[in-house]
Amino acid sequence: MAAIEIATLRTEGIQFPLGLDVERPQFCWSFGRPDGPGSSQNAFRIAVATSEERLKTGLPDAWDSGIVRTGAHTSVPYEGVAILPRQRYYWNVTVWDEHGKPSTSGTAWWETGMLAGDRWSGRWIGASAGASGEQPLVQIRRSFTVKGTITRARAYISGLGHYEMRLNGAKVGQRELEPGWTDYDKTVLYSVYDITSQVRQGENTVGVLLGNGFYHVAGGRYTKFKDSFGEPKCLAELVIDYDDGTRDTIVTDRSWSMSESPLTFSCIYGGEDYDAGLEQEGWDEPGFEENERWRRVCELQPPQGKLSAQSSPPLTVTKRFPVSGVSEPRKGVYVYDLGQNFSGWPFIRISGPQGTRVKLTPAELLTDEGMANQKYSGSPYELNYVLKGGSMEEWHPRFSYYGFRYVQVEGAVPYGYESGGDAWLPVLHGLEGQMICPDTPVCGGFLCSDPMLNQIHEIIDWAILSNMKSIFTDCPHREKLGWLEQLHLMGPSIMFNYDIEALLDKIMRDMADAQLPNGMVPTTAPEFVAFKEPWHMFRDAAAWGGSYILAAWEMLQRYGSKGSLERHYDGMRRYIDYLIETSDGFILRGGLGDWYDIGPKGPGFAQNTPVEFVETAIYFGLVGAMRQIAAVLGKEEDASAYAKLAESVKEAFNAAFYDPSSAQYAEGSDAATAMPLVIGLAPEEQRGALLNRLVRNIGERGWLTTSGDVGHRYVLLALARGGRSDVIYRMTRNTDTPGYGYQITHGATTLTEAWDGPTVGKSQNHFMLGHLEEWLYSSLAGLDYRYQPGTGRFIVKVKPAVLGDVAWAEAWQQLRPGLASVRWELGPGRTVSVKVEIPANSEGRIFIPAASHAEVRMSGPAAEWLVYEDGYAVYRTGPGSYFFTAAY
C-alpha cells in the first residue's frame, strides 16, 4: 500500500514566490492522484529553515509545527520565529494518512521582500516638470562595478506609472505593464527580480524606461478620465551578495543620469508614439559615453502610498496571433485581420527610410467601408512609429494596450505589395498580435459534443483573458476600470478555468484601499473615477461593493483560503454597518440594479426589475455570507447578530416586494423571480410556483431571458438548481434573438457587452454576461466543489445534466487537494456511463442519472449508496477513480 503522495506546495497561494511582504504567510499543499486506501490526510508536520541543508538534515531553525492531527491542508499559518527581510525560507511538509503511514514532500521556498517601507535606502527619481508643467518621458541609467564571486543578486524596483528595467543591454524578465495598478495614494507595488545570471564581473549598467500608466493620465487623445498622482518616477535597489559575506547595494539617487526617451507620447487610454531616431545605441550597456542629452536625475516627492511587494501574477505576452488576411479599403490604407478579438498590442517588423512614420490604428470592428472602427471602444487610440532607417526594425508599444482584432496601417505597404511608386514608403515585413494577461495557471477545462456550446465556452474564455490584468477590467479599451460586480458574479466561472487566488488577494487589497471612511465600498477599485451627483448610483451599489465580502467568501469555498477573511474582516464589517445605516427600513433605495437587462430602451439602466429589489436582495446575501464568515473565524457573537439582521432584511424584503395572492415578486421579471429562489428569500411553499413562473416566462418569449448583468447568473442558478437545465440548453439554441447563440452566428470571437453586441455595437469584449460558463462546468458536465471549514477537506459534487442533443460532456479541475474530473457519455438503449475522479483527501457526492429502480453498475473503490432522488442515484465516495453505468 503506497503512502499518500504530496504534489504541489504553495505559500500564500503561490508556488515559489520571489518577494513576499507577509510576516505570517499561510501554507497549502496538494496531493497526487490517489492510489487505493490511504489517500486521506490524518496529520501533518511543517518544517521551515533558513537553508536547504538545515531542512534536509532535520534541523529547521525557523519553525517546526510538530505533529498536528487534522485533515486540513490549506491556510496553515506560519508560527515560527520572526521573518527577516530579503531572506529565502525553505519548507516541506510530512503527512500521515489514515493508516499512520508518513509521506514527506519535496522542498519548497519563498523569499521575503523588504517587509517594510523604512528599509529602503534609495530615493524616488525622475524628471521634474518643466515650466509648461509637462513631464518628458525619460530613460535613466547608472553603471556599477562587480568585484568578487556572486552568490545572489536581486533587484527591488517600482516605476510609476509603468517601467521597463534593462541590465547590460537586455530586458530584465518578461513582465509587462509593471507594476500592477493601485490607488497610488494608498498602495504602491514593487517587484523583485533574480538578476544573478545577468550581473557580470566588472562594469555593469542598469537602465530604466518610464511610462505614464494610470499614475499620470494627462490626455492628448482619448481618455476615460484625466488625473495625475504625480510625475513618473522610479525607486530601485540592486543588492549583490558575494561568497565572502560582503554585499554591494546600488540604489536610485542623484548619481543616476537621465535623458528623454524615444517615447514621445504614452497614454494608457490614447496609445503610444515612438521615434526610433531618438534611440541611443548602447545606453543601457557598459562603456556608453553620455553626451549633452544626458543630465543628472531629479529627486522627486515619493508617492503617498505604502510600498508593498507585488505577489499577484505578472502580466506577460501569453499568446500570439498571426495575420489571417489583409485588405486595402482605401488607396494606401491596409487593414490586417488577426482573426480574434483580444487585448494587448501589435508587434511589427518593418524597414524603410529614416524619419518616415507608420501609423497603426487597432479596432474591434470595421466600418461599412472596411476601415478601423473605434466608435464604441474609445477614439482616438493610435500607435505611431518613426523609423531610424538602415536595417530591419522591430517594435511594439511598452506602456499602453488596447482591445482589438484589426490593425489599420497607414504609411507603410505590406511586404509583397511594393510597387515602383511606393519606393519611398516603409515595408511592413510582419505583423502579429500579442496578448497581454497574467501568467496565471490554467486549472480547468471543459468540452462537450455540442459545437455551439464549445464556441460559447471559447468566447467567454477569450473575454475573461482579455479583461484579466492586475485587476479585472470591464473592457480593455474604453474604460479599463475594475468594476466590481464581475468578481462575485463571474468569479466561479473564472475559477473553473484559472487559478486566481493570488490575483484576488491583490484585488481584495484594492477594495480595502477604495473603502471610504463611512464604510462604503465603491463600484470600482482602484477608484480612479469617483462618480458624483447626479451619477452617484455609479459609485454606490451593493451588487458591486458587495464583492468585498462575496469574493473573500468565494476564495474560502474554492481555495480553502482564510487569509483574506482574516485580513479584511473589519473592513467587511464596516461595509455591512454602512448598508445598515443607509438602508430605509432594511431596504436599499439606490444603486444600479440589474444593469444592461433587455428592454425597450436598449441596453443600459435597469428596465425590468426595481433597483431597490436587486440591491436589497444582494444586501440579504451579503449579510448571510457575513454570518458564515463570522462563524468560520470563531466570532459567534457576530454570527448571531448577522443571523438576526438577515431575518429583518428578509421580512422587510418580502413585505415590500412579494405579493402572496399572485405568488409574484415585483413585476415578475426573470431577475425578480430568480433572485429570491437562489439567495433564500422566497417562501419555501412557493418555490415550485416561482420556478414554474420563471420557466413559463422564458418559454413564452421563445426561450429568451430579459435578465442583465446581475440577474442573469441568478436565472441560470435558479433553473439549474431547480432541475431545469433543459431550459438553459434551449436558451443557448437561439441564434435569431439576443443571447449567446446570436453572438456566435453574428461573428463574435469574444463575449460582447450587450446580448446583441455584434449588431448593436458597444464593446465587443466584455465578460460580465458570461455566467453560462459556471453552468457548463457545474451542471452540464456536472463538476462542482466546496471547501468544508469544519473538516478542512473538500467535497466534490458530480451531477451531470443529460439533456438535448448533447451526447457527451467532460470537465476537469485542478483543485487544492488535487485533480477532479468527470466525463459522461450516452450509450445505446438510453444508457449513460459516467467516469469520475475524486482527488486525495476529499469526499465525493456522485449523482448518476438513472431511471427509478434501474441497476447502477460501478467499478472502483467502495462507494456508499445514499438515496434515489429526482432521477439520480446518489453515492458518497472517498478518493479514487470510479466508473458508473446505468439506464436513465
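Predicted model: local features only at pLDDT ≥ 70, side-chain atom pairs only at ≥ 80, totals over all residues.
Local features need pLDDT of at least 70 and side-chain atom pairs count only at pLDDT 80 or more, while totals for chains, interfaces and linings use all residues. Residues are numbered from 1 along each chain as its sequence is written, and side-chain values use heavy atoms, without hydrogens and water.

Start with Thr94. Thr94 sits in strand β7, residues 88-97. Helices (H or I, at least four residues) and strands (E, at least two) are DSSP runs, numbered from the N terminus. Is Thr94 buried or exposed? Thr94 is buried, because its relative accessible area is 14%. Buried means under 20%, exposed over 50%, and partly exposed in between, with a 1.4 Å probe and protein chains only. The Thr94 side chain makes a polar contact with the side chain of Thr104, at 2.9 Å. Such a contact is a pair of N or O atoms within 3.5 Å; within protein, one must be able to donate a hydrogen and the other to accept it, and residues adjacent in sequence count only if both atoms are side-chain atoms. Beyond neighbours within four places in sequence, Thr94 is in contact (heavy atoms within 4.5 Å) with Ala43, Phe44, Arg45, Pro102, Ser103 and Thr104.

Now turn to Glu111, in strand β9, residues 108-112. Glu111 counts as buried because its relative accessibility is 0%. Gly19 is 92 residues away along the chain, yet the C-alpha atoms of Glu111 and Gly19 are separated by 5.3 Å. Leaving aside neighbours within four places, the contacts of Glu111 include Pro17, Leu18, Gly19, Leu20 and Arg152.

Next comes a sheet. Six strands form an open sheet, ordered β14-β13-β16-β11-β21-β24, with antiparallel pairing. β14 (170-171) and β24 (295-296) stand at the edges with a single partner strand each, so one side of each has no neighbour in the sheet. Strands pair if DSSP finds at least two bridges between them. β11 (138-146) and β21 (257-260) pair over four bridges. In β21, Glu260 is the bridge partner of Val138.

The structure holds seven cavities of 30 Å³ or more. On a 1 Å grid over the protein atoms alone, a cavity is a set of points where a 1.4 Å probe fits but cannot get out; a pocket is an open set with protein on both sides within 12 Å along at least five of seven lines; lining residues have an atom within 4 Å of a point. A volume is the space filled by probe spheres set on the points, which are joined across faces, edges and corners.

The largest cavity contains about 190 Å³ of space. Its lining has 23 residues, with Glu12, Gly13, Gln26, Glu501 and Ser561 nearest the centre. Helix α5 gives the most to this lining, four residues.

The second largest cavity has a volume of about 100 Å³. Of its 13 lining residues, Thr705, His712, Met731, Gly739 and Tyr740 are closest to the centre. α14 gives the most to this lining, with three residues.
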